[in-house]
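Subject: Structure handover

Hello,

Here is the structure for your files. My notes on what was found in it follow below.

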Amino acid sequence: IAKLPSPLNKEKYILLKHGIWDNPKTSVYINKKKDFTFLFPQKKIDYKKYTPRKIKIGLTRYKKLLQEEENLRRYLKIYKYFNSCKNLLEIGSGEGNFLELLNKKEKMKLSSMEKDEKSNLKYKKLKWLTSYNNFENIKKKYDIICFFHVFEHIYEPNIFLKEIKRISHTKSRIILEVPSLSDPIMKIYKIKEFFDFFFQTQ
(Lines give C-alpha, C1' and ligand atoms only; values in the text may rest on other atoms or scores of the structure.)
Protein backbone atom coordinates (compact mmCIF):
# COMPACT_ATOMS: atom_id res chain seq x y z
CA ILE A 1 0.00 0.00 0.00
CA ALA A 2 2.86 2.37 0.81
CA LYS A 3 4.06 2.08 -2.81
CA LEU A 4 0.73 3.29 -4.24
CA PRO A 5 0.70 6.90 -5.46
CA SER A 6 -0.82 9.51 -3.14
CA PRO A 7 -3.62 9.78 -2.03
CA LEU A 8 -4.35 6.07 -2.60
CA ASN A 9 -1.56 5.05 -0.23
CA LYS A 10 -3.39 6.74 2.66
CA GLU A 11 -6.58 4.69 2.32
CA LYS A 12 -7.53 1.47 4.10
CA TYR A 13 -7.96 -1.73 2.10
CA ILE A 14 -9.59 -5.11 2.55
CA LEU A 15 -9.09 -8.37 0.69
CA LEU A 16 -11.65 -8.61 -2.13
CA LYS A 17 -10.47 -11.81 -3.79
CA HIS A 18 -7.69 -14.35 -3.37
CA GLY A 19 -6.54 -15.72 -6.71
CA ILE A 20 -7.21 -14.22 -10.14
CA TRP A 21 -8.03 -15.63 -13.58
CA ASP A 22 -4.45 -16.44 -14.61
CA ASN A 23 -2.66 -16.60 -11.24
CA PRO A 24 -3.97 -18.32 -8.09
CA LYS A 25 -1.24 -16.66 -5.98
CA THR A 26 -2.29 -13.07 -6.74
CA SER A 27 -4.83 -11.31 -4.51
CA VAL A 28 -7.11 -8.34 -5.17
CA TYR A 29 -7.48 -5.60 -2.56
CA ILE A 30 -10.19 -2.93 -2.56
CA ASN A 31 -10.48 0.37 -0.69
CA LYS A 32 -13.34 1.12 1.70
CA LYS A 33 -15.05 3.43 -0.81
CA LYS A 34 -15.03 0.45 -3.21
CA ASP A 35 -13.88 2.54 -6.16
CA PHE A 36 -10.26 1.38 -6.47
CA THR A 37 -8.57 -2.02 -6.47
CA PHE A 38 -5.02 -3.25 -6.86
CA LEU A 39 -3.34 -6.62 -7.33
CA PHE A 40 -0.70 -8.02 -4.98
CA PRO A 41 1.90 -9.13 -5.64
CA GLN A 42 2.19 -7.16 -8.89
CA LYS A 43 4.02 -8.63 -11.83
CA LYS A 44 5.82 -6.29 -14.20
CA ILE A 45 4.88 -7.24 -17.76
CA ASP A 46 7.00 -6.65 -20.84
CA TYR A 47 4.38 -5.47 -23.34
CA LYS A 48 6.82 -5.96 -26.20
CA LYS A 49 6.73 -9.71 -25.59
CA TYR A 50 3.34 -10.62 -24.23
CA THR A 51 0.35 -12.48 -25.62
CA PRO A 52 -2.82 -10.33 -25.68
CA ARG A 53 -5.70 -11.94 -23.82
CA LYS A 54 -7.89 -11.97 -26.96
CA ILE A 55 -5.36 -14.49 -28.35
CA LYS A 56 -5.01 -16.34 -25.02
CA ILE A 57 -8.73 -17.10 -24.88
CA GLY A 58 -9.34 -17.45 -28.63
CA LEU A 59 -11.46 -14.33 -29.17
CA THR A 60 -9.42 -12.64 -31.93
CA ARG A 61 -12.19 -12.97 -34.54
CA TYR A 62 -14.88 -11.83 -32.09
CA LYS A 63 -12.80 -8.81 -31.02
CA LYS A 64 -12.28 -7.82 -34.65
CA LEU A 65 -16.05 -7.84 -35.24
CA LEU A 66 -16.60 -5.55 -32.24
CA GLN A 67 -13.72 -3.19 -33.01
CA GLU A 68 -15.46 -1.03 -35.61
CA GLU A 69 -18.52 -0.53 -33.41
CA GLU A 70 -16.36 0.19 -30.34
CA ASN A 71 -14.25 2.80 -32.15
CA LEU A 72 -17.32 4.56 -33.54
CA ARG A 73 -18.84 4.65 -30.02
CA ARG A 74 -15.67 6.27 -28.69
CA TYR A 75 -15.53 8.75 -31.52
CA LEU A 76 -19.17 9.86 -31.07
CA LYS A 77 -18.52 10.32 -27.36
CA ILE A 78 -15.48 12.58 -27.72
CA TYR A 79 -15.50 14.24 -31.17
CA LYS A 80 -16.90 17.47 -29.67
CA TYR A 81 -13.50 18.00 -28.03
CA PHE A 82 -11.74 18.08 -31.41
CA ASN A 83 -12.67 21.70 -32.24
CA SER A 84 -9.45 23.67 -32.78
CA CYS A 85 -7.43 20.53 -32.07
CA LYS A 86 -4.31 20.47 -34.23
CA ASN A 87 -2.75 17.22 -33.04
CA LEU A 88 -3.68 14.07 -31.12
CA LEU A 89 -1.67 11.26 -29.57
CA GLU A 90 -3.17 7.86 -28.77
CA ILE A 91 -1.20 5.82 -26.24
CA GLY A 92 -1.56 2.05 -26.48
CA SER A 93 -3.14 2.31 -29.91
CA GLY A 94 -2.91 -1.43 -30.65
CA GLU A 95 -3.52 -2.08 -34.32
CA GLY A 96 -4.38 1.59 -34.96
CA ASN A 97 -8.06 1.16 -35.81
CA PHE A 98 -9.22 4.20 -33.84
CA LEU A 99 -6.54 6.38 -35.45
CA GLU A 100 -7.60 5.17 -38.90
CA LEU A 101 -11.17 6.23 -38.11
CA LEU A 102 -9.94 9.66 -36.98
CA ASN A 103 -7.86 10.04 -40.13
CA LYS A 104 -11.03 9.63 -42.22
CA LYS A 105 -13.15 12.01 -40.14
CA GLU A 106 -10.87 14.74 -38.79
CA LYS A 107 -8.21 17.12 -40.07
CA MET A 108 -5.44 16.98 -37.51
CA LYS A 109 -1.98 15.48 -37.14
CA LEU A 110 -2.17 12.02 -35.58
CA SER A 111 0.43 10.18 -33.54
CA SER A 112 0.64 6.81 -31.85
CA MET A 113 2.65 5.46 -28.94
CA GLU A 114 2.57 1.67 -28.96
CA LYS A 115 5.13 -0.69 -27.41
CA ASP A 116 4.00 -3.71 -29.43
CA GLU A 117 6.63 -4.02 -32.14
CA LYS A 118 4.29 -5.88 -34.52
CA SER A 119 1.90 -2.92 -34.53
CA ASN A 120 4.76 -0.50 -35.06
CA LEU A 121 5.73 -2.32 -38.24
CA LYS A 122 2.23 -1.63 -39.59
CA TYR A 123 2.42 2.04 -38.57
CA LYS A 124 5.55 2.66 -40.62
CA LYS A 125 3.44 2.15 -43.76
CA LEU A 126 0.96 4.89 -42.75
CA LYS A 127 2.40 8.15 -44.07
CA TRP A 128 -0.12 10.28 -42.18
CA LEU A 129 0.87 8.80 -38.79
CA THR A 130 3.81 9.65 -36.53
CA SER A 131 4.62 6.63 -34.36
CA TYR A 132 6.61 6.22 -31.14
CA ASN A 133 7.37 3.21 -28.96
CA ASN A 134 8.31 5.13 -25.78
CA PHE A 135 7.87 8.52 -24.11
CA GLU A 136 11.55 9.45 -24.43
CA ASN A 137 11.21 9.97 -28.19
CA ILE A 138 8.28 12.39 -27.86
CA LYS A 139 9.58 15.97 -27.94
CA LYS A 140 6.37 17.85 -28.77
CA LYS A 141 3.19 18.75 -26.87
CA TYR A 142 -0.28 17.52 -27.83
CA ASP A 143 -3.71 19.15 -27.81
CA ILE A 144 -5.35 15.80 -27.05
CA ILE A 145 -3.84 12.68 -25.48
CA CYS A 146 -6.08 9.66 -25.27
CA PHE A 147 -5.68 6.11 -24.01
CA PHE A 148 -8.40 3.49 -23.87
CA HIS A 149 -8.09 0.53 -21.50
CA VAL A 150 -4.41 1.29 -20.99
CA PHE A 151 -4.16 3.04 -17.62
CA GLU A 152 -5.13 -0.04 -15.62
CA HIS A 153 -2.13 -1.87 -17.13
CA ILE A 154 0.44 0.72 -16.03
CA TYR A 155 2.87 -0.64 -13.44
CA GLU A 156 3.93 2.80 -12.14
CA PRO A 157 1.00 5.18 -12.79
CA ASN A 158 2.67 8.15 -11.08
CA ILE A 159 5.64 8.05 -13.52
CA PHE A 160 3.25 7.56 -16.45
CA LEU A 161 1.22 10.64 -15.43
CA LYS A 162 4.37 12.75 -15.11
CA GLU A 163 5.22 11.86 -18.70
CA ILE A 164 1.70 12.79 -19.79
CA LYS A 165 2.14 16.16 -18.08
CA ARG A 166 5.47 16.71 -19.87
CA ILE A 167 3.89 16.33 -23.32
CA SER A 168 0.82 18.41 -22.44
CA HIS A 169 0.25 22.17 -22.46
CA THR A 170 -2.13 24.23 -20.32
CA LYS A 171 -5.12 23.65 -22.63
CA SER A 172 -4.48 19.98 -23.46
CA ARG A 173 -7.27 17.47 -22.95
CA ILE A 174 -6.60 14.02 -21.55
CA ILE A 175 -9.23 11.44 -22.53
CA LEU A 176 -9.06 8.00 -20.95
CA GLU A 177 -11.27 4.96 -20.58
CA VAL A 178 -10.84 2.30 -17.88
CA PRO A 179 -12.85 -0.74 -16.77
CA SER A 180 -15.48 0.04 -14.16
CA LEU A 181 -15.77 -1.72 -10.80
CA SER A 182 -19.49 -0.97 -11.16
CA ASP A 183 -19.69 -3.15 -14.27
CA PRO A 184 -23.35 -4.30 -14.41
CA ILE A 185 -22.32 -7.89 -15.16
CA MET A 186 -20.69 -7.95 -11.71
CA LYS A 187 -22.85 -5.55 -9.73
CA ILE A 188 -26.35 -6.16 -11.07
CA TYR A 189 -26.29 -9.64 -12.60
CA LYS A 190 -23.56 -10.93 -10.23
CA ILE A 191 -22.15 -13.43 -12.71
CA LYS A 192 -19.40 -15.22 -10.80
CA GLU A 193 -17.55 -16.38 -13.93
CA PHE A 194 -17.18 -12.78 -15.12
CA PHE A 195 -16.04 -11.65 -11.67
CA ASP A 196 -13.36 -14.36 -11.72
CA PHE A 197 -12.27 -13.33 -15.23
CA PHE A 198 -12.31 -9.56 -14.60
CA PHE A 199 -9.03 -9.44 -12.66
CA GLN A 200 -5.98 -10.61 -14.62
CA THR A 201 -2.22 -10.28 -14.21
CA GLN A 202 -1.86 -7.82 -17.07
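A salt bridge here is a side-chain nitrogen of Lys or Arg within 4 Å of a carboxyl oxygen of Asp or Glu. Please keep in mind that this is a predicted model.

Salt bridges

By that criterion, the search of the whole structure returns six salt bridges. One of them pairs Arg 166 with Glu 163, with the closest N and O atoms 2.9 Å apart. Both residues belong to helix α5 (residues 157-166), where a spacing of three residues is about one turn of the helix. Arg 166 is partly exposed, at 36% relative accessibility.

Helix α7 holds another such pair: Lys 192 and Asp 196 are four residues apart, about one turn of the helix. Their closest N and O atoms are 2.7 Å apart, and they form a salt bridge. Lys 192 is exposed, with a relative accessible area of 55%, whereas Asp 196 is partly exposed at 23%.

Salt bridges that share partners also join Glu 70, Arg 73, Arg 74 and Glu 177 into one network.

Strand β5 (residues 109-113) is largely enclosed by the rest of the structure, because four of its five residues are buried. Strand β4 (residues 87-91) runs parallel to β5 and is joined to it by five bridges. In this pairing, Leu 88 stands opposite Leu 110 of β5. Strand β6 (residues 129-132) also runs parallel to β5, with four bridges between them. Here Ser 112 has Ser 131, in β6, as its bridge partner.

One is made of β4, helix α3 (residues 97-105) and β5. The other is made of β5, helix α4 (residues 117-123) and β6.

Aromatic pairs

The search finds 14 aromatic pairs in the whole structure. Among them, Tyr 75 and Tyr 79 have ring centres 5.6 Å apart and planes at 25°, so this pair is stacked. Tyr 75 is buried at 8% relative accessibility, while Tyr 79 is partly exposed at 42%. Phe 194 and Phe 198 form a tilted pair, 5.9 Å centre to centre with 55° between the planes. These two lie four residues apart in helix α7 (residues 192-198), about one helical turn. Phe 198 is buried, with a relative accessible area of 18%. Ring pairs also link Tyr 13, Tyr 29, Phe 36 and Phe 38 into a cluster.

Cysteines

The search of the whole structure finds zero disulfides. For Cys 85, the closest cysteine sulfur is that of Cys 146 at 9.2 Å, which is too far for a bond; the cut-off is 2.5 Å. Cys 85 is buried, at 8% relative accessibility. Cys 146 is buried too, at 0%.

Regards

Technical notes:
Residues numbered from 1 in each chain as written. Predicted model: local features only at pLDDT ≥ 70, side-chain atom pairs only at ≥ 80, totals over all residues. Heavy atoms only, no water. Buried < 20%, exposed > 50% of the residue type's maximum accessible area, 1.4 Å probe, protein only. Phe/Tyr/Trp six-rings, centres within 6.5 Å; stacked < 30°, edge-to-face > 60°. Pairing = 2+ DSSP bridges. Right-handed = clockwise from strand over helix to strand, strands pointing away.
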